[in-house]
Amino acid sequence: MTLTITTANLNGIRAAKRKGVSKWLARNTPDIWCMQETRAPQEILDEMFQDFGATYVEQGRIATPDDLATVDDVCRIKGRAGVGLLTDRPVERTRIGLPGLSEDVDSGRWVEADVRTPQGYEITVVCVYVHAGGDGDDIKEVQKYRFLDAMTERMRELQDIAASGGNQAVICGDFNIAHTPIDLKNAKANITTHGFLPEERAYMDRWIGQMEYVDVMRDLAGDIQGPYTWWSQRGRAFDNDAGWRLDYQFATPELALTARGFRVDRAEEWFKRWSDHAPLTITYDV
């Protein structure tokens with residue numbers, strides 16, 4: 001049996017619901033769904049997760065919506081960030097947040113779940129939203145690098161656990177970084193743009209080169225241009241496929257070896273989108 005893991009930036013869970021995310025869910029129904037930028041208070045998330053759970057019931061995956069396992073972190077700043085993870089698989093343990101990050105802006109960005117696979121193994125799935133930073137905004141840039149430092153340390157711990165025979169791990173989310181020139185349409189024009197700065201890209205170099213994480217989609221796709229997962233709302237970026245690859249799944253080596261395929265659900269037309277991001281789904285045979 002295989003395990004499907006989807007990561008998707010919703011650009012607001014209520015807006016995504018209005019624009020048709022439920023139809024996407026009915027067609028796909030991943031085993032594990034990591035979502036970023038939920039931008040909603042806890043009571044709204046609980047309501048939405050119940051609604052999503054009803055779809056899993058309709059698909060014969062669970063008996064009642066309450067059987068859906070969920071973990072989330074709401075940003076303490078209203079209307080900002082927020083991440084959530086839901087699955088119809090058994091969840092053994094959950095963890096929220098990263099050590100040393102206590103400001104309001106740091107909340108709603110990192111959750112972990114130890115999930116039981118169909119074969120009985122346990123893997124750690126992380127849902128993360130990385131600060132976007134901001135051109136000319138020194139405070140936002142400091143916040144982004146501080147968060148990247150904290151998550152890198154936690155990723156190192158998860159890699160050590162995996163290397164010593166413990167849970168394999170996969171870190172899923174919107175990283176707000178395009179790693180290499182093939183991960184955005186106009187690399188030369190964006191060399192000084194946040195999201196493609198050398199200092200930001202160096203973190204991914206470290207995760208892959210020094211810590212042995214695998215960029216699973218890139219490993220499966222090979223050295224081709226794209227496929228992208230985000231398109232600016234400005235101009236005709238979507239129509240011209242002038243996008244960026246900002247959404248990733250970084251897996252520890254043993255788990256990455258089980259990856260069998262990926263799919264980026266880019267909408268057929270601009271008006272059919274329910275977010276400015278497209279979901280990235282990877283199938284693992286763990």
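Me: What makes H194, W230, S232, W244 and L246 stand out in the lining of the largest pocket?
Reply: Of the 25 residues that line the largest pocket, those five lie nearest its centre. Bear in mind that this is a predicted model. The pocket's volume comes to about 580 Å³.

Me: And what kinds of residues make up the lining of the largest pocket?
Reply: There are seven nonpolar, 11 polar and seven charged residues in that lining.

Me: Which residues does UniProt list under "binding site"?
Reply: The record, an unreviewed entry, puts that feature at N9, E37, D174, N176, D276 and H277. The annotation may be inferred rather than shown by experiment.

Me: How do you know that these residues cluster in space?
Reply: Look at the C-alpha distances: the largest is 12.7 Å, although the set is spread over 269 residues of sequence. From this set, E37, D174, N176, D276 and H277 are also part of the lining of the largest pocket.

Me: Why is D174 called buried?
Reply: Buried means under 20% relative accessible area, and D174 has 1%, so D174 counts as buried. You'll find D174 in strand β8, residues 168–174.

Me: What does D174 touch, leaving out residues up to four places away in sequence?
Reply: With heavy atoms within 4.5 Å as the test for contact, D174 touches N9, Q36, E37, V128, Y129, V130, L246, D247 and H277. N9, E37 and H277 are also on the UniProt list.

Me: Is N176 buried or exposed?
Reply: Its relative accessibility is 12%, and the cut-off for buried is under 20%, so N176 counts as buried. N176 is in the loop between β8 and α5 (198–209). Among the residues N176 touches are Y129, V130, H131, K144 and L246.

Me: What about the second largest pocket, and which residues are closest to its centre?
Reply: The second largest pocket holds about 330 Å³ of space. It is lined by 19 residues, with W24, R27, A267, K272 and W274 closest to the centre. By class, that lining has seven nonpolar, four polar and eight charged residues. Helix α2 (residues 21–28) gives the most to it, with four residues.

Me: How do you know that the span of helix α4 is close to what is expected?
Reply: Helix α4 (residues 138–163) has 26 residues, and at 1.5 Å a residue the expected span is 38 Å. From first C-alpha to last, α4 reaches 37 Å, close to that value. Just after α4, G165 takes a positive phi of about 100°.

Me: What makes the phi of T29 worth a look?
Reply: Most residues other than glycine have a negative phi. T29 is not a glycine, yet its phi is positive, about 45°. T29 sits in the loop between α2 and β2 (32–36). Its relative accessible area is 5%, so with the cut-off at under 20%, T29 is buried.

Me: Where is A81, and what is its phi?
Reply: A81 is in the loop between β3 (69–73) and β4 (83–87), and its phi is near 45°, a positive value in a residue other than glycine. With a relative accessible area of 3%, A81 is under the 20% cut-off and therefore buried.

Me: Why is the peptide bond from G226 to P227 worth checking, and what is its omega?
Reply: Most peptide bonds are trans. The one from G226 to P227 is cis, with omega near -10°. P227 lies in the loop between α6 (216–221) and β10 (247–251).

Methods. Residues are numbered from 1 along each chain as its sequence is written. This is a predicted model: local features need pLDDT of at least 70, side-chain atom pairs count only at pLDDT 80 or more; totals for chains, interfaces and linings use all residues. Side-chain values use heavy atoms; hydrogens and water are left out. On a 1 Å grid over the protein atoms alone, a cavity is a set of points where a 1.4 Å probe fits but cannot get out, and a pocket is an open set with protein on both sides within 12 Å along at least five of seven lines; lining residues have an atom within 4 Å of a point. Grid points are joined across faces, edges and corners, and a volume is the space filled by probe spheres set on the points. Ala, Val, Leu, Ile, Met, Phe, Trp, Tyr, Cys and Pro count as nonpolar, Asp, Glu, Lys and Arg as charged, and the others, Gly among them, as polar. Helices (H or I, at least four residues) and strands (E, at least two) are DSSP runs, numbered from the N terminus. The expected span of a helix is 1.5 Å times one less than its number of residues. Buried means under 20% relative accessible area, exposed over 50%, partly exposed in between (1.4 Å probe, protein chains only).
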